[in-house]
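Here is a short report on one chain, from overall dimensions down to single residues. Please look at the sequence and the structure first.

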Amino acid sequence: MPGRVPLAGHAVRMFRNPLKFFQSVSEQGGLVRIWLGTKQAYVVSDHDMLYDILVRKAKAFEKGMQFDQARPLLGNGILLSEGDFHRRQRLLMQPAFHHSRIASYVDVMRESASDVFDGWRDGQRVAMYDMFYELAVRIVIKALFSTDMVEQDVAEVYKSMPVVISGVEKRAAIPPALLDRLPTRTSREFHSAIARLYSMGRRIIADYRSRGNLQDNDDLMTLLFTARDEGNTSMTDKQIQDEFMTLLTAGSETTPSAMSWSCMLLGRHPEVQRRMQDEVDRVVGDRPVAADDLRELDYTRRVIQEALRLYPPVWALGRKCVRDVELGGHRIPAGTEVLYSIYAVHHDPKLYDNPEAFDPDRWLPERAKGVPRSAFMPFGAGVRNCIGESFSWFETQTVLATLAQQWTVQPVSGEPVRPVAMGALVPGPLPMKVVRRKK
């Protein structure tokens, strides 16, 4: 990769505009060498090499530097843990994310969305991403634990989580020891936000321990407490804390991005929005959206899938080689950081016709069969595939179908949308106009 700066390498360019940087790297080729400071790293933009990293040669890699910086928040939760311990945690938690279990939360998702949408005025201007972020926090907290804690804890998560995510991203490009050695306001806010979230988690866990018989509850936290492995061993409070923080972070960061980009694209393509509304009218009508409706909302799902292709929330990540490994015919030495761009794969013209176009029907079965499995991975792949994928699909479909029943979203003139590569790829506040439908 050209443009290397002495001592800093490419780190400054990556930090200043990460999305543009990864796009420029992908233009150089499928496997490109860069420098982070004085250390060599590689960027993979080729779908087949990426599938090697995530599936075929996954045992040759462990979590990379971006994940290391998230450890103060997520501990050894399922997102960061490795090897046998990760497999144990995955098996313990998998039942909580079975389709039948997630379907039971559709009422919570729909009611939470209706509470927001029913308060809108015809023609009102709404900051869509900000609204979806708060809505997603409310939904994941209601699914995680008892609703009598919601108002207090939604406010805390809404306040603290963006501070933590921003701090983690900065520490992925700048040595954290340097950031934390300087007594800056942002550094203090970062550590204070982590402390508040952990304090909230400890309080919630202590409350659950004090309840005695947890079998009467039907939330995700109860499943964490009651899960047993093959040796009939349960999770420790520390592990429950780490998994709680992992679920809270994932549930409040990625889904709002998917919902926001979907709305932006619907606003820009009114013919697609009308077609989606027609489908919702036909399948659901005026009654509340139910879990059984979602499998019949085929076009709605394709709209979301195309939004995830164009704007994958988890747009770039990384791994570290634990041993020498071959990628694309090149030997990558042990200890090397390998970054990869899902965004670049999703926009590859060798994989998609007219890749910059918004075309939900490219996911019709007869057309989608030509797309390799490795060409669409917004939730990852292999043993590290996102455990909350089903939750995200159920939530996004439920919320957008509930929105489509009553409202049309329209762009606001003079308000350009610029992708912001934070913890997730987001469209900024995304101001849009909401117009009540006249059926």
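How many positive and negative side chains does the chain have, and how far apart do the centres of the two sets lie? There are 58 positive and 54 negative side chains, with the two centres 5 Å apart. Lys and Arg count as positive, Asp and Glu as negative; His and the chain ends are not counted. Each charge is placed at NZ of Lys, CZ of Arg, CG of Asp or CD of Glu.

This is a predicted model, in which local features need pLDDT of at least 70, side-chain atom pairs count only at pLDDT 80 or more, and totals for chains, interfaces and linings use all residues. Residues are numbered from 1 along each chain as its sequence is written, and side-chain values use heavy atoms, with hydrogens and water left out.

**Overall fold**

The chain holds 20 helices and 12 strands (DSSP runs numbered from the N terminus: H or I of at least four residues for helices, E of at least two for strands). The radius of gyration is 22 Å, close to the 22 Å that the globule rule gives for 439 residues, so the chain is as compact as a globular protein of that length. That radius is taken over C-alpha atoms, and the rule is 2.2 Å times the number of residues to the power 0.38. The C-alpha trace spans about 60 × 55 × 45 Å along its principal axes.

Contact means heavy atoms within 4.5 Å. Of the contacts between residues at least 6 apart in sequence, 72% join residues at least 24 apart.

**Surface and burial**

The chain exposes about 19400 Å², and carbon and sulfur atoms supply 51% of that area (Shrake-Rupley method, 1.4 Å probe; for residues, only the protein chains shown count as cover). Of the 439 residues, 54% count as buried. Buried means under 20% relative accessible area, exposed over 50%, and partly exposed in between (1.4 Å probe, protein chains only).

| Residue | Relative accessible area | Class |
|---|---|---|
| Cys263 | 0% | buried |
| Cys386 | 31% | partly exposed |
| Arg87 | 46% | partly exposed |
| Arg437 | 18% | buried |

The disulfide count is 0, where a disulfide is a pair of cysteine sulfur atoms within 2.5 Å.

Arg87 sits in helix H6 (residues 83-93). Arg87 and Val164 are 77 residues apart in sequence, and their C-alpha atoms are 27 Å apart in space.

Arg437 lies in the segment after strand S12 (431-436). Which residues does Arg437 contact, leaving aside its neighbours within four places in sequence? They are Gln277, Asp281, Ala404, Gln405, Gln406, Trp407 and Thr408.
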